[in-house]
Each structure stands twice: as C-alpha cells, then as structure tokens.
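This report describes one protein chain for a reader who has not seen it before. It begins with a single residue and then moves through strands, helices and the chain as a whole.

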Amino acid sequence: MKYRWFAVLLTLAIVISIGACKTRKGPIGSEKNPVQLWFMPLKEEAVYQKYAPAIEKFLEEKTGLQVETKLAESFIDIVKAMGKKKADVAFMNTLGYLLAHDWAGVEAKMQYLYGDVYTTYRGEIVTKVGNGINKPADLNGRSFAFTDPYSAAGYLYALKYLKDNNIKPGKILYSGGHIKAVEMVYSGAVDAAATYHEHPGAGGEAKDARIELSEKYPDILGVVKILSLTSEIPNGPIATRKGLPPEISGKIMESLKGYSETPEGRTALMGLYNVTGLTAVDNSVYDGVRNVVRQMGKEIQEMVKGGVPYYKTSIEIGLD
C-alpha cells in the first residue's frame, strides 16, 4: 500500500512540475517571465496598491529586468509560493521566513530597519484600561487573542511570555492580524491581545498597532494600554527563493537598497511596513528565534497547526 501511495505522489509531483514549467517560460526577468516580487499582507490592500507600482517601476529601470509585484493573501501564501517557485523575492515576516528557509531553502538577503538603526522589535501585550488587568498574573482565566500562528510578535513570543509567567488564559482566540487584535481589545471582545511593538520614535511616541487605529478611534491610546513587552525579535527579511540566479538576486537587492535611500523609497517602505531602511543580513541572524521555538519544546514546523504534514506534502511535493 505504501508503495502505491508513493507512486501516486511521485506522479502528482511530476505532473505539477510539468505544469509549473508551462507557466514560467523564458529567462527570469524577461517579458514572458518577470521576476516575481511578493509583499506580505501587513496593512490594507490600498496601501499596497499605492506603493507597489512605484517599487516595480524603480526596479525595472535600475536592473533592466521585468518585475511583477503581488500582494500575498496571507503569510503562508508566501511560503507556498517560494516553495513552488511562483515567487522569486519576498518581503517576509520573521517566523514565516524560518518556515520558508527550513522547508523551501529560502535565504534572507536584506533586513528591515526601524528608526534607521534598529534591527529588532518586540511583541507587546495590550489590554483595556480599567478592566482589572494590571500585572501578568491578572491574565489568568481571561480571554486572550493571538494574531495568527505565523507571527513572531503576535504568537511565538507572546506564547513564550505566557509560559514564562505561568499564565493560563481562560479562552484563546486568533484575530487574524495585528490591527484586528488591538481592535478586539478596544471593543471588549477579548480581555488582552498580542501585537507588535516598535522602538519609540525620537519624541518617545508609541509605535505599535494601536497607532494604525488612531484615526478610526482617536481615544485608543487612552483606552488600550500596554501591559508588558516580550523579549527582542530580529526584524523580518527580504528573502529569495532557492535556485534564483545570484546575478538576479544581486541586482534586485542592490536596487531595493538604493530605493530605500531615496525620499520616495523611504516613504513607500514606511507606508507599507513602517520600515525606514534596509541592511544586509544572513540566515544566522534568526538563530535566536529558532532557540525560542526549541524552548517551547517544538520544531519550527510544529509551531504551525498541521505544519509537519502540510509542508511535507505541499512544499516538498508540490500539492495545494
């Protein structure tokens, strides 16, 4: 029986591989086979639509390559696309990168900078003012929202925070995003939630997901407070898929770095991801995150529900 299943999977892999070849013909960067640059979904689609075309145009002018941009529907879509060679380069989050590296050979090339110098950020635990939660122990028995299982700040480091403080929430939910997690606290849908926390600005102003909601809820900084911060997390990378020719990767990275140093590029990256610059990076920078995963008693693929069978079938073999 196991040999029959192996034959079926092998046949499917061959069929899908042939199908993939049909969809991407010609040299990478040519008109028929443009470099596929994917963006992670951190903010609303309108922000991507505002800035991505300018990035695409800049890269094409500077590299002489044809480039096509795409907004991923989810963080896991980027991992899948990299594994299937549908994406060549991608703006990724930290935990998503680790998954993609381990299962698809993706390599970090550039790392985001916040405030021009910071290569790390933190997660934060937020709660509503006046709901009786004033210290970590007060979270016991209360409802708690993670963002999603692919977020370092909104899940992995928040999970470690709960474990380190011996906290057992009464109910756990997944909001589906940082902004939604904060909004759930604001509305009272949950008692507390995990989200990201960047280093404060020059004037000491807060820089987190609450700010993204300040126009919608002008009083949010007075209603939703920061209870605690997690340990430092390395900023996410711009990464390339396995097998992307070095000359293509080099041109794209050099041009992205150059773009980040222009006024237009700085505005675009700030608008998309609150990023103020880019710096070279390699895979070893993320070893600390791997250690956190191991401290949780897991492997990276186990941090995601269904991770082991999913990645074995979906990325190594190529199934949807």
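## A residue in strand β2

Thr 69 is found in strand β2, which spans residues 67–71. Helices (H or I, at least four residues) and strands (E, at least two) are DSSP runs, numbered from the N terminus. The relative accessible area of Thr 69 is 14%, so the residue is buried; buried means under 20% relative accessible area, exposed over 50%, and partly exposed in between (1.4 Å probe, protein chains only). The side chains of Thr 69 and Glu 56 are joined by a polar contact of 3.1 Å. A polar contact is a pair of N or O atoms within 3.5 Å; within protein, one must be able to donate a hydrogen and the other to accept it, and residues adjacent in sequence count only if both atoms are side-chain atoms.

Not counting residues up to four places away in sequence, Thr 69 touches Leu 37, Phe 39, Tyr 48, Ala 52 and Glu 56. Contact here means heavy atoms within 4.5 Å.

## Basis of the model

This is a predicted model, in which local features need pLDDT of at least 70 and side-chain atom pairs count only at pLDDT 80 or more, while totals for chains, interfaces and linings use all residues. Residues are numbered from 1 along each chain as its sequence is written, and side-chain values use heavy atoms, with hydrogens and water left out.

## The chain as a whole

The secondary structure of the chain comes to twelve helices and eleven strands. Of the 320 residues in the chain, 51% are buried. Among contacts between residues at least 6 apart in sequence, 77% join residues at least 24 apart.

The chain exposes about 15000 Å², and carbon and sulfur atoms supply 54% of that area. Accessible areas come from the Shrake-Rupley method with a 1.4 Å probe; for residues, only the protein chains shown count as cover.

## The five-stranded sheet

Five strands form an open sheet in the order β7-β6-β8-β5-β9, with mixed pairing. Two strands pair if DSSP finds at least two bridges between them. The edge strands are β7 (171–174) and β9, each pairing on one side only. From one strand to the next, the twist averages 25°.

Within this sheet, β6 (residues 143–146) and β8 (residues 192–197) pair in the parallel sense over two bridges. Phe 144 stands opposite Ala 192 in β8. Helix α6 (residues 178–187) lies across β5 (120–128), β6, β7, β8 and β9, and runs at about 140° to β8. For such angles, axes are lines fitted to C-alpha atoms, for helices over the stretch in contact, and angles run from 0 to 180 degrees between N-to-C directions.

## Strand β4 and its partners

In strand β4 (residues 107–113), five of the seven residues are buried, and the strand is mostly covered. Four bridges join β4 to the antiparallel strand β10 (residues 237–240), with Met 110 opposite Ile 238. Another antiparallel pairing, also of four bridges, links β4 to β11; there, Gln 111 has Thr 279 as its bridge partner.

Gly 265, Ala 268, Leu 269, Gly 271, Leu 272 and Tyr 273 are buried in helix α10 (residues 263–273). These residues are on the same side of α10 because they cover an arc of only 160° around the axis; the arc is that of the directions from the helix axis to the C-beta atoms. They pack against β1 (35–39), α2 (45–63), β3 (89–91), α9 (246–260) and β11 (277–280). Just after α10, Asn 274 takes a positive phi of about 60°.

In helix α11 (residues 287–295), the buried residues are Val 289, Arg 290, Val 292 and Val 293. Seen down the axis of α11, they fall within an arc of 155°, so they line one face of the helix. Their cover includes α4 (94–104), α5 (152–164) and β9 (224–234).

Leu 95 is found in helix α4 and counts as buried, at 0% relative accessibility. Its C-alpha atom is separated by 5.8 Å from that of Tyr 150, although Leu 95 and Tyr 150 are 55 residues apart along the chain. Leaving aside neighbours within four places in sequence, the contacts of Leu 95 include Pro 149, Tyr 150, Leu 156 and Ile 300.

Asp 138 lies in the loop between β5 and β6. With a relative accessible area of 18%, Asp 138 is buried. Apart from neighbours within four places in sequence, Asp 138 is in contact with Gly 132 and Ile 133.
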